Protein chains: 2
Amino acid sequence: MVLLDLLGRRMALRILWELSKAQAPLTFRALQEAAETNPSVLNARLGELRDADVVEHDGEGYRLAAQGRSLVTVIRPLHAWAERWASRSGKESATASQLAIGKRARRK
Amino acid sequence: MVLLDLLGRRMALRILWELSKAQAPLTFRALQEAAETNPSVLNARLGELRDADVVEHDGEGYRLAAQGRSLVTVIRPLHAWAERWASRSGKESATASQLAIGKRARRK
DNA sequence: CGGGATCCCCGACGATACTG
DNA sequence: CAGTATCGTCGGGGATCCCG
């Protein structure tokens, strides 16, 4: 589906997240470090996010576009759900997954 | 991330979607056809969704569990965003992506 | 009908070197 | 510093067969 096509990729949400935390635009390298990823993936994601009008690039660096900000808004509840979900009933964990936004847990 | 770990897989959302549309529980085969997928993937997803307490299985078939229903609730806004996004500015499309819930668009 | 077992393949990702 | 190019790998997903 279109939606996951954009957000389901490796660093998409993470990038959104980092940008939403940043007060000022982030440079390519800054983002790279913040998101703990490598140039190729970062570049790929930025490309997609950019022409989805979710992220924009001005002289200073990358920042959320209007679309991106509204997206973050709508994502937050999901995120909240995920937190509740992560720390549900039996299953322990919930420790490292507090933020639930990051790299896809490497499955064994 | 945990969240995408569950929902980012190939038929996860699609399954949720189909189940949320169904009034009665769906059988394995019914789901398989509804979601247009194959046994292996369906089975994999059902397993994950089931032990995430998002989907449950009674004698009649599969249905959303409480968690699942709340998830659908929280997903809906996202879905709405995706629709607006899909039919934004320049880019045409928006035709096949109306529902925006389905298989990951084969890129090429 | 439910669903486990196999097999194969392709594409996403990771690392890293390189250019402007 | 920004971004591109290259290459190898690894795992998820598709198809299918088949058994209880």
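The legends below describe close-up views of a predicted model.

View 1. The relative accessible area of A:Gln32 is 17%; buried means under 20%, so A:Gln32 counts as buried. Leaving aside residues up to four places away in sequence, A:Gln32 touches A:Thr37, A:Asn38, A:Pro39 and A:Leu42.

**View 2. Protein residues around DNA strand C.** DNA strand C is surrounded by 15 residues, the closest being A:Arg10, B:Thr27, B:Arg29, B:Asn43 and B:Tyr62. Of the atoms of DNA strand C that come within 4 Å of the protein, 61% belong to sugar and phosphate. By residue class, the surface near DNA strand C holds five nonpolar, five polar and five charged residues.

**View 3. Atom pairs between the protein and DNA strand C.** In the side chain of A:Ser40, an N or O atom is 2.8 Å from a base nitrogen of DNA strand C. The side chain of A:Arg45 has an N or O atom 3.0 Å from a phosphate oxygen of DNA strand C.

**View 4. Elements that form the surface near DNA strand C.** Two or more residues each come from α4 (39-50) of chain A and from α3 (28-34) and α4 (39-50) of chain B. With four residues, α4(A) gives the most to this surface.

Terms used. Residues are numbered from 1 along each chain as its sequence is written. Chains are lettered from A and ligands numbered from 1 in the order in which they are written. This is a predicted model: local features need pLDDT of at least 70, side-chain atom pairs count only at pLDDT 80 or more; totals for chains, interfaces and linings use all residues. Side-chain values use heavy atoms; hydrogens and water are left out. Buried means under 20% relative accessible area, exposed over 50%, partly exposed in between (1.4 Å probe, protein chains only). Contact means heavy atoms within 4.5 Å. A residue is near a molecule or strand if one of its heavy atoms lies within 4 Å of it. A polar contact is a pair of N or O atoms within 3.5 Å; within protein, one must be able to donate a hydrogen and the other to accept it, and residues adjacent in sequence count only if both atoms are side-chain atoms. Ala, Val, Leu, Ile, Met, Phe, Trp, Tyr, Cys and Pro count as nonpolar, Asp, Glu, Lys and Arg as charged, and the others, Gly among them, as polar.
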